[in-house]
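Here is a friendly tour of one protein model, with its sequence and coordinates to follow along. Please open both and keep them at hand.

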Amino acid sequence: MLEIKTFTFGPFETNTYVVNDGQQVLLIDPACSNAYEQQQLYSYIHSQLSTFNLLIVATHGHLDHLWGAKWACEQWNTPVLMHESDIPMAQAMQAQYNMFGIRTTPEPFPIEPLRSPMTNDQSPITNMSIISTPGHTPGSVCLYWEKEKVLLSGDTLFRMGYGRTDLPGGNMGQLIISLERLFDLPADVRVYPGHGDPTTIGSERR
């Protein structure tokens with residue numbers, strides 16, 4: 001049974017998800033931006049980790065989804081997994097900080113390419129698939145549990161909206177194709193977006 005815990009963190013109100021799928025605990029988009037948020041996340045994850053390791057996955061390389069990436073990598077001694085097309089963006093985080101006028105120097109964190117199927121200790125995690133959905137960023141991805149009819153959509157698809165494409169790397173044409181790919185999923189698939197409330201595929205493709 002899929003267990004999903006949602007935290008909304010940081011000044012951009014970004015959704016961080018902790019997913020326990022029975023094989024693995026996944027930390028999706030570590031957006032915790034201060035010590036209080038970090039403690040909330042740490043306490044919950046350690047209530048879930050009695051028999052599982054943890055993987056950290058980023059749906060894309062924007063700063064608001066990675067505020068807590070360095071901290072999380074240090075806590076669980078594991079890198080952030082991210083689509084290879086967004087790794088350069090995440091490695092050049094200072095440019096994003098400068099764009100938003102954030103007067104802080106970001107610290108680097110370990111990143112490795114996200115592969116499909118995702119693996120843990122060389123064993124494939126077979127009940128989850130990775131859907132490439134470029135448009136918001138070149139390397140945006142969604143995570144899909146077909147049996148449970150659950151989609152973590154990052155900033156590709158929101159309730160009553162979709163990701164912006166006016167930031168560097170954004171492409172409206174690609175985003176439209178990605179949305180069409182998602183709208184081919186069953187109508188009752190539950191969508192957990194990177195910002196805002198959950199929705200369903202059926203509600204958003206109407």
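Is T199 buried or exposed? T199 is buried, its relative accessible area being 5%; buried means under 20% relative accessible area, exposed over 50%, and partly exposed in between, with a 1.4 Å probe and protein chains only.

## About the model

This is a predicted model, in which local features need pLDDT of at least 70 and side-chain atom pairs count only at pLDDT 80 or more, while totals for chains, interfaces and linings use all residues. Residues are numbered from 1 along each chain as its sequence is written, and side-chain values use heavy atoms, with hydrogens and water left out.

## Around T199

T199 belongs to strand β15 (residues 199-200). Helices (H or I, at least four residues) and strands (E, at least two) are DSSP runs, numbered from the N terminus.

Setting aside residues up to four places away in sequence, T199 touches F158, R159, V189, R190, V191 and E204, where contact means heavy atoms within 4.5 Å. With E204 there is also a side-chain polar contact of 2.5 Å. A polar contact is a pair of N or O atoms within 3.5 Å; within protein, one must be able to donate a hydrogen and the other to accept it, and residues adjacent in sequence count only if both atoms are side-chain atoms.

## Salt bridges

How many salt bridges does a search of the whole structure find? The search finds four, a salt bridge being a side-chain nitrogen of Lys or Arg within 4 Å of a carboxyl oxygen of Asp or Glu. One of them joins K70 and E74, at 3.0 Å from N to O. Both residues sit in helix α2 (residues 69-76), and because they are four residues apart there, about one helical turn separates them. K70 is partly exposed at 25% relative accessible area, whereas E74 is exposed at 51%.

Another salt bridge links R115 to E84, with the closest N and O atoms 3.9 Å apart. R115 lies in the loop between β6 (111-113) and β7 (119-120) and E84 in the loop between β5 (80-82) and α3 (87-91), so this pair ties together parts that are 31 residues apart in sequence.

K149 and D188 also meet through their side chains, at 2.9 Å from N to O. K149 is in the loop between β10 (141-145) and β11 (150-154), and D188 in the loop between α5 (172-183) and β14 (190-193), so the pair ties together parts that are 39 residues apart in sequence. K149 is partly exposed at 32%, and D188 is partly exposed at 46%.

## Where α1 meets α2

The axes of helix α1 (residues 35-48) and α2 come within 12 Å and cross at roughly 35°. Axes are lines fitted to C-alpha atoms, for helices over the stretch in contact, and angles run from 0 to 180 degrees between N-to-C directions.

Q38, L41, Y42, I45 and H46 of α1 meet W71, Q75 and W76 of α2. The residues of this contact divide into five nonpolar, three polar and no charged; Ala, Val, Leu, Ile, Met, Phe, Trp, Tyr, Cys and Pro count as nonpolar, Asp, Glu, Lys and Arg as charged, and the others, Gly among them, as polar.

## Around E112

E112 has its place in strand β6 and is partly exposed, with a relative accessible area of 44%. Leaving aside neighbours within four places in sequence, E112 is in contact with P79, V80, L81, M82 and I87. The C-alpha atoms of E112 and P79 are separated by 6.4 Å, though the two residues are 33 residues apart along the chain.
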